[in-house]
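I opened this notebook to keep track of what I looked up, one entry at a time. Each entry starts from a place in the chain and follows it to what lies around that place.

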Amino acid sequence: MGRQRSTNKNLPNGVQARRRTRKNGNTTTYYYYTAHQNGKRKEISLGTDYHQALLRYAQMEINVAQNNIITFNIAAARYQADVIDNSAQNTRYSYASAIKKLQAFFNGAPLEQIAPHHVRQYLDSRRQHKAAANKEISFFRAIFNHAREIGYTNAANPASGVKKFPMPKRDTYIEDELYLLVYQAADQQMKDLMDIAYLIGQRPVDVVSIHSRDIKNSELSIQQQKTKNRLRFALSGSLKEIVERIAPKDGGYLFCNKHGGQMQRTTLTRRFSELRNRLIEQYPELADELRHFQFRDLRAKSGTDKFLANDRAAAQEQLGHSSSQTTNVYIRKGRLINPLEKVKKK
C-alpha cells in the first residue's frame with residue numbers, strides 16, 4: 001500500500017489531504033487538521049468526506065481559539081463547505097483564486113476586529129489588479145454575510161459601503177480580421193474550440209464541458225453551469241462537421257488535456273493567452289487589439305453577429321439569457337444605419 005501526499009488549493013490553512021492507494025487500485029483521500037498544542041504539532045483526522053472535513057475543521061478552530069474567537073479563516077472554511085462546494089465550477093475556480101489572497105491578508109484576524117478601513121487597505125494593496133480585487137472583496141462580503149447568518153458574528157459587514165475600483169464596461173468586439181489572424185495561428189484543437197465557442201455562443205467553461213453524452217438525435221444539449229439553463233442546438237452545418245469529427249467514438253469529452261482528461265477552463269485560458277502573446281511578438285502593431293482579445297469575447301461576438309443577422313430575440317435565445325437587458329451587454333455593435341438623402345429642391 002502506497003501513500004502519496006497531495007496538496008489541494010481549495011483547502012484552508014491548517015488542513016492537509018493525503019491520498020492512499022489500496023491494493024485493489026482504489027484511491028481514498030484522507031483529510032487532516034494540524035493543531036499545535038503545548039508547543040507540539042499534532043495531526044487530527046477529519047475523515048474522508050471533503051464537506052464534513054471542512055465543517056469539522058471550522059468547529060475545531062472554534063474550540064481551540066481563545067474565548068471562542070471566530071477568525072476570518074474559520075468563516076471562509078464554513079462558507080466554502082456550505083456554499084462554494086455546491087456552486088458551479090467557474091465559481092469554485094474564482095473562489096480558490098480569491099481566497100488565497102484574502103487569507104494572506106486577513107489570516108487569523110477575528111471577525112469582530114475587521115473594520116472598513118482594513119477592507120480599504122486590502123483594496124489598495126491590490127491596486128495593480130483592480131478587477132481581481134473587486135471580485136475578491138465580493139467574496140469577502142459574501143463570507144462575512146454568511147458568518148452573520150449562521151451566528152458566527154453580529155458585527156456589521158465591514159465591506160459594506162467600501163467603494164470598489166471603478167471599472168470600465170467591457171465593450172470589446174472582435175472583428176473578423178483579428179479573429180482570423182488568431183484562428184489561423186492556432187493549432188487544430190484551439191481552432192475547434194474557437195469555432196464551437198463562436199457557433200453556439202456559450203461560455204468557455206460550458207464549451208470545455210461538452211461530453212459525447214450531450215449529443216443525441218442530431219442535437220447538442222448544453223446546460224449552462226452559471227445559470228443552469230438548458231439549451232438545444234441543432235447539429236447542422238459547420239457545427240455538425242466539427243462535432244462528428246472530434247467526438248470520441250467510445251464516449252468522453254470533446255476537448256481533452258494532454259493526459260486524456262477533461263480540459264479545464266483555466267487550461268483553455270492559459271493556452272489562448274500563450275497563443276495571443278506569440279502573435280503580439282509577430283505583430284507588434286496589433287499589440288493593443290490582441291492584448292484585449294480574450295477567449296470569452298467569442299461569446300459576445302457570437303451574440304452580436306446573431307443580432308446583426310437576425311434580431312435581438314435570436315441573440316437572447318442563443319446566449320441563453322432570461323433577460324433582454326443582459327443580452328444588450330453582449331451586443332457590442334449596432335446595426336448599420338443608412339443616412340438620409342439630401343432634401344431636394346422642388
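Predicted model: local features only at pLDDT ≥ 70, side-chain atom pairs only at ≥ 80, totals over all residues.

**Entry 1**

Is I246 buried or exposed? Its relative accessibility is 19%, and since buried means under 20%, I246 counts as buried. I then listed its contacts, leaving aside the neighbours within four places in sequence, and wrote down D192, I196, L254 and F255. I also looked up Q189, which is 57 residues from I246 in sequence, while the two C-alpha atoms are 9.1 Å apart in space.

**Entry 2: helices α7 and α12**

Next I turned to helix α7, residues 188–200, and to helix α12, residues 297–309, which pack with their axes 7 Å apart and at an angle of about 40°. Which residues meet here? On the α7 side I wrote down M194, A197, Y198 and I200, and on the α12 side L298, K301, S302 and D305. Sorted by class, this contact has 5 nonpolar, 1 polar and 2 charged residues.

**Entry 3: aromatic rings**

I then looked up the aromatic pairs, and the count comes to 13. One of them is formed by Y179 and Y198, a tilted pair with 6.1 Å from centre to centre and 45° between the planes. Because Y179 lies in helix α6, residues 176–185, and Y198 lies in helix α7, the pair ties together parts that are 19 residues apart in sequence. I checked the accessibility of both partners: Y179 is buried, with a relative accessible area of 9%, whereas Y198 is partly exposed, with 26%. Elsewhere I noted a cluster in which ring pairs link F72, F105, F106, Y122, F140 and F144.

**Entry 4: helix α2**

Lastly I looked at helix α2, residues 72–82, and asked why it is described as largely enclosed by the rest of the structure. The reason I wrote down is that 9 of its 11 residues are buried. These buried residues are F72, N73, I74, A75, A76, A77, Y79, Q80 and A81.

Definitions and conventions
Residues numbered from 1 in each chain as written. Heavy atoms only, no water. Buried < 20%, exposed > 50% of the residue type's maximum accessible area, 1.4 Å probe, protein only. Helix = DSSP H or I, 4+ residues; strand = E, 2+ residues; numbered from the N terminus. Axes fitted to C-alpha atoms, helices over the stretch in contact; angles between N-to-C directions. Contact = heavy atoms within 4.5 Å. Nonpolar A, V, L, I, M, F, W, Y, C, P; charged D, E, K, R; others polar. Phe/Tyr/Trp six-rings, centres within 6.5 Å; stacked < 30°, edge-to-face > 60°.
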